[in-house]
Amino acid sequence: MKVCWVSKYYRRSVVAVICLGIILMTFKKTSPWSRSQLQNDLGPELEAQRKQAFKQISTPTSTTFKQIPTATSTMTTTTLKQCRDDFQEIFEKEKRYICFDIPGRLGNFMFAYASVYGMATKVNKSVVTKTNNFLKYFRIKAKVVNDFCVCETAKFVYEDKHCQFSKDLLNLTEKINYRPFRYFQSWMYFRHVADDIRQQFRFKDELREKAVSIIKGSREAFVKQQRGRGHDNVTTVGLHVRRGDITNNRHYVEYGYMVAPPQYFSTAMTYYRNKYNTTLFLVCSDDIAWCKENINGSDVMFMEDNPFEVDLAVLTQCNHSIMSVGTFGWWASFLAGGETIYYKHPARDGSKLRMQFSKDYSDFFYPGWIGME
């Protein structure tokens with residue numbers, strides 16, 4: 001993994017691009033110079049790496065990074081602040097912890113936590129994480145610290161691919177603290193604690209009750225709409241459509257992200273309509289306008305104007321699931337626990353994203369789920 005950034009400090013109009021302390025290239029600063037010009041010159045991938053580097057390696061330490069020393073000789077000297085979290089002494093003394101911190105949105109957070117928790121339980125260690133906004137929704141079993149400086153001395157370990165299982169990560173047996181880095185989007189990391197994870201991601205009462213109320217109201221409105229023709233026994237199907245950030249961002253498209261076409265949703269809905277007497281599809285999406293144009297039927301209701309956590313809670317309370325692409329829909333389906341239909345082509349063949357998955361996607365999609373196109 002390359003971790004690169006562009007030096008913000010330069011002299012004599014020279015800008016340096018640094019990867020883990022090695023100056024890869026230098027070039028004269030043109031006038032006028034702008035960050036956007038540099039991004040265009042270096043490309044979006046390097047810019048993304050630069051951002052990640054400043055997030056994950058904010059200060060030089062003695063910690064190794066895949067056996068490569070940090071850039072203490074080429075970076076401006078920075079004085080490390082003293083860690084004031086009371087838990088640090090215990091952390092350093094017991095050396096039985098795995099630190100968890102992941103950038104990204106809710107689906108990424110849930111995958112990373114579940115996987116790190118799976119790693120920890122395999123070797124009798126405990127999870128340490130920092131305070132964040134997602135914790136308020138769930139009942140996770142982790143030590144929550146206010147200052148993540150506690151984990152500065154933990155050993156970094158890495159996945160091979162974002163959506164493939166790396167079996168060595170379930171064998172972190174050294175008498176040290178660990179810090180897994182990246183996304184770990186495979187159910188295989190936590191298959192031995194799947195029921196435990198479902199309990200930890202059971203939404204807290206207020207949010208769960210709101211979701212139940214929304215579904216109850218939707219069912220009642222649907223039955224009334226059908227004029228009460230024996231439709232009280234309704235099978236609810238949560239249908240999640242992710243489009244907005246993928247279709248609106250060319251970097252996602254170039255990387256290989258795909259969106260599910262209208263025909264996929266039609267095929268998946270027909271499956272449930274044929275299997276159950278009365279179905280009600282509850283549609284959650286970041287592009288409801290597209291859904292209203294392409295997902296049709298008298299048994300379809302659109303969930304509008306809810307925050308993302310409410311949408312997820314609603315989807316988890318449905319009997320069955322249809323997911324499009326992404327981790328949000330994955331977790332909605334996993335937590336709902338019924339039948340799940342997924343789109344078979346989440347990544348474009350030959351793309352960088354496709355390389356992150358196993359050959360048949362089996363490390364990512366849960367056993368028993370049904371792939372359609």
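Me: I have picked out Trp331 and Phe334; are they buried or exposed?

Reply: Buried means under 20% relative accessible area, exposed over 50%, and partly exposed lies in between (1.4 Å probe, protein chains only). Here Trp331 is buried, and so is Phe334. Keep in mind that this is a predicted model, where local features need pLDDT of at least 70 and side-chain atom pairs count only at pLDDT 80 or more, while totals for chains, interfaces and linings use all residues. Residues are numbered from 1 along each chain as its sequence is written, and side-chain values use heavy atoms, with hydrogens and water left out.

Me: How do I read a pair of rings, and how many aromatic pairs are there?

Reply: Rings of Phe, Tyr and Trp (its six-membered ring) pair if their centres lie within 6.5 Å; planes under 30 degrees apart are stacked, over 60 edge-to-face, and the rest tilted. That rule gives 47 aromatic pairs. In one of them, the rings of Phe156 and Phe181 have centres 6.2 Å apart and planes at 80 degrees, so the pair is edge-to-face.

Me: Where do Phe156 and Phe181 lie?

Reply: Helices (H or I, at least four residues) and strands (E, at least two) are DSSP runs, numbered from the N terminus. Phe156 lies in strand E7 (residues 155-158) and Phe181 in strand E8 (residues 178-181), so their pair ties together parts that are 25 residues apart in sequence. Phe156 is buried at 11% relative accessible area, and Phe181 is buried at 4%.

Me: And what about Trp331 and Phe334 as a pair?

Reply: They are edge-to-face too, 5.3 Å centre to centre with 80 degrees between the planes. Both belong to helix H12 (residues 327-336), three residues apart, which is about one helical turn.

Me: Which charged end sits over the ring of Phe334?

Reply: A charge sits over a ring if NZ of Lys or CZ of Arg is within 6 Å of the ring centre and within 35 degrees of the ring normal. For Phe334 the charge is that of Arg198, 3.9 Å from the ring centre.

Me: How many disulfides does the structure hold?

Reply: A disulfide is a pair of cysteine sulfur atoms within 2.5 Å. The structure holds two. Cys83 is joined to Cys149, S to S 2.0 Å, and this link is right-handed, with 70 degrees about the S-S bond. Cys99 and Cys151 form a disulfide with sulfur atoms 2.0 Å apart; the torsion about their S-S bond is about -90 degrees, so this disulfide is left-handed.
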